[in-house]
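Dear colleague,

I am passing on the structure we spoke about, and below it you will find notes on what came out of the analysis.

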Amino acid sequence: MKTDLSLLEDMSLHDMEDHTIAPTRSKFHALVEVSIVATEKLQNFRRWFQEKALKKPVSVPVGNNQSRFGDDDDHQDWSLEPEWESKKKNPMQEKVLMNTAVPVRKRARFRDQQHLEPPPNLPQKFKDVIKEMGGSDELLVIQKKLFTSDTSTNENRFSIPFRQILSKDFLTEEEKKKLREGQKIKAPLIDPELQSHDISLVQRNNPDAYVLRNTWNNVRTSNELKKDDVLQLWSFRARQQACDDASSSGTNERELCFALVLIQKAKDEKAIA
């Protein structure tokens, strides 16, 4: 509607040559007649635009997957398609082009966040460390690009959005209940350099996500992790003693542990894991 109304500014006497408005007509009816001509003009222009795009289509990449509306963690991206071949656009072309803006579906954006399909397997060096800990039951929790919020010193957290979790059963029902009640779960994390860190898993709402906190900044800085690096987070179960759980009660219960794998550095073409 905004584009249609803006066409009235571009109307001229030439456009009204074949349309006669009687002097007895009211201003309202005269405006309706002009609007009809403007609409026909818009339709003709759109038809010409579509024919031109079909003859020489030019695709437009989405860009850096950064939302125009704030945190790139929670919003859609937008792109304009098709692009004009010539960089010289008249005002009318720009108005119609802006009217063709379409949202990129979240599922497409999610595929871009995963970046590599299918996800690579857990590297052997991690399997060896997990075996030494008496661990097993490795599950891929998430594969994602690091967002700005993941690399912010003030935030000090690694987010695991519910909608991106690949293995829904990496937590027991008891653990899920604890997190829903606002409790935190302490767990060791093996970083990309095979160093161990004590970290805490908590749950947040709006948007729904699990979050690794407490020592995340140490993990990030010691491994020089940057925005757009592609990471995998794996869970596994190990002996309580191996996990160094401070609340250990001496039982044989197997505790939650994590492994963080660096799959690809930002802007690199080859996976490094």
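How much accessible surface does the protein chain have, and what percentage of it belongs to carbon and sulfur atoms? The accessible surface comes to about 16800 Å², and 50% of this belongs to carbon and sulfur atoms, with areas taken from the Shrake-Rupley method and a 1.4 Å probe, where for residues only the protein chains shown count as cover. Please bear in mind that this is a predicted model, in which local features need pLDDT of at least 70 and side-chain atom pairs count only at pLDDT 80 or more, while totals for chains, interfaces and linings use all residues. Residues are numbered from 1 along each chain as its sequence is written, and side-chain values use heavy atoms, with hydrogens and water left out.

The protein chain holds seven helices and nine strands, which are DSSP runs numbered from the N terminus (helices H or I, at least four residues; strands E, at least two). Of its 273 residues, 38% are buried, meaning under 20% relative accessible area with a 1.4 Å probe, protein chains only.

Strand E7 (residues 209–213) deserves a look: four of its five residues are buried, so the strand is largely enclosed by the rest of the structure. E7 runs antiparallel to strand E4 (residues 158–161), joined by four bridges, and antiparallel to strand E6 (residues 196–204), joined by five; strands pair if DSSP finds at least two bridges between them. Ala 209 in E7 is the bridge partner of Pro 161 and also stands opposite Arg 204. Four residues lie between the strands in the hairpin of E6 and E7, where Asn 206 takes a positive phi near 55°.

With best wishes

Methods:
Buried < 20%, exposed > 50% of the residue type's maximum accessible area, 1.4 Å probe, protein only.
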